[in-house]
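Please keep the sequence and the structure in view while reading.

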Amino acid sequence: MKNNTNNIVEVKNLSKNYGKINAVDGISFEVKSGEVFGMLGPNGAGKTTTVEIIEGIRQPDKGETFINGLNTIIDNKQIKKIIGVQLQQNAFFDYLNIYEIIDFYSKLYGNKTKTIDLLKKVELIEKKNSKYKELSGGQKQRLSIAIALVNDPLVLFLDEPTTGLDPQARRHVWNLIKQIRLEGSTIIMTTHYMEEAEELCDRVAIIDTGKIVALDTPGNLIDKLIDKGFKPKRTIKKASLDDVFLDLTGQNLRGD
Ligand code: ATP
C-alpha cells in the first residue's frame, strides 16, 4: 500500500495519566515516510505509552494520532492492517515449529508474504524445524521481527530490538533493520543503546518525564552539545571494546 502523505505518522498533543502519574504530557511530533525514527529516554519516561497509543493499543486522555492519514482510534481496524508490531516478549505455541509459527501469522494477515522469504530475510531458514524454546535470544528477536513483517507493514514498530544480544547478533539485527528501511517501510523504534540510535535512526526524539526534550538527527544533537562547550570525561579512542570483541570473535552469527 502506498502512503499519501510525507508525514506518515502524526502525533498531536498527546497526554496520558495513570492516576497521578503524567506518563505522557503533551507530546507532538511527526514521522516522515521512509525514515527510522528513534524514541529515546530513561526508564519510565513515557516511550512505551506513547508508542502503544500510536499503535492503537492504548487510548490517550488527550490528543490524536494518525498513521497514513487514518485516525488511530476511529480507524483502528484499518490501522492494524498497515502496521507491524514487534514485542519484547512473545509467547508462541510450544508445539509449532518456527516455519509453522510464521506461517500461522502470515495466514491471519491474508498471506501477504511468503513464509520462506521471511525466514531467509531474518536468517532463520536453518531453524525452520526448531521449536521456539530451542532458539537463542538473537534468534527469538529475529523471529519476532519476522512476525511483525507478515503483513508487509507500512510502519514497523520495534521495541528495544537488540536488548540482551551479543555484538554480532546486534549487528545482524541492525543490518536487518537497514534492509527493511531500504525496502520502503517506516520504522519507529525504542532503544536504550545510544550507539544503536546513532547507527540506525534518521531522527530521534528524546523523551523525559512525558515530554519531548529534543528532536533532531543524531548528528545535529551531538553538534549542539559540542557547541555548548561539552568536554568528554575520557579520551575517545579510534576503536571501542565492541570493535575489539568483533575483531577477536568475528562478525558471523553463532548460536546467537
Ligand atoms: P522503559 O524505558 O522502562 O520501557 P518507558 O519510557 O517506556 O520506560 P512507560 O512504560 O511509558 O515508560 O511508563 C511511563 C510511566 O507510566 C512510568 O512511570 C510507569 O510506571 C507508568 N505506567 C506505565 N504503564 C502503566 C500502567 N499500565 N499503569 C500504571 N502506570 C503505568
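## Packing of H6 and H9

Are H6 and H9 roughly parallel or roughly perpendicular to each other? In this predicted model, the axes of helix H6 (residues 167-182) and helix H9 (residues 241-249) come within 10 Å and cross at roughly 100°. Angles of 65 to 115 degrees count as roughly perpendicular, and H6 and H9 are therefore roughly perpendicular to each other.

On the H6 side the contact is made by Pro-167, Gln-168 and Arg-171, while H9 contributes Asp-242, Phe-245, Leu-246 and Thr-249. Sorted by class, the contact of H6 with H9 comprises 3 nonpolar, 2 polar and 2 charged residues.

## Packing of H3 and H5

Helix H3 (residues 98-108) packs with helix H5 (residues 137-148) at an angle of about 25°, their axes being 9 Å apart, which means that H3 is roughly parallel to H5. The crossing of these two helices, H3 and H5, is right-handed.

From H3, the residues Ile-98, Ile-101, Ile-102 and Tyr-105 meet Leu-143, Ala-146 and Ile-147 of H5. By class, this contact of H3 with H5 has 7 nonpolar residues, with no polar and no charged ones.

## Surroundings of the ligand

The ligand is surrounded by 13 residues, of which the closest are Asn-43, Gly-44, Lys-47, Thr-48 and Thr-49.

An N or O atom in the side chain of Thr-48 is 2.4 Å from an oxygen atom of the ligand, and a polar side-chain atom of Thr-49 lies 2.5 Å from an oxygen atom of the ligand. For Ala-45, a polar backbone atom is 3.0 Å from an oxygen atom of the ligand.

Methods
Residues numbered from 1 in each chain as written. Predicted model: local features only at pLDDT ≥ 70, side-chain atom pairs only at ≥ 80, totals over all residues. Heavy atoms only, no water. Axes fitted to C-alpha atoms, helices over the stretch in contact; angles between N-to-C directions. Helix = DSSP H or I, 4+ residues; strand = E, 2+ residues; numbered from the N terminus. Parallel < 35°, antiparallel > 145°, perpendicular 65-115°, else oblique. Left-handed = near helix turned anticlockwise from the far one by under 90°. Contact = heavy atoms within 4.5 Å. Nonpolar A, V, L, I, M, F, W, Y, C, P; charged D, E, K, R; others polar. Near = heavy atom within 4 Å. Polar contact = N/O pair within 3.5 Å; in protein donor to acceptor, adjacent residues only side chain to side chain.
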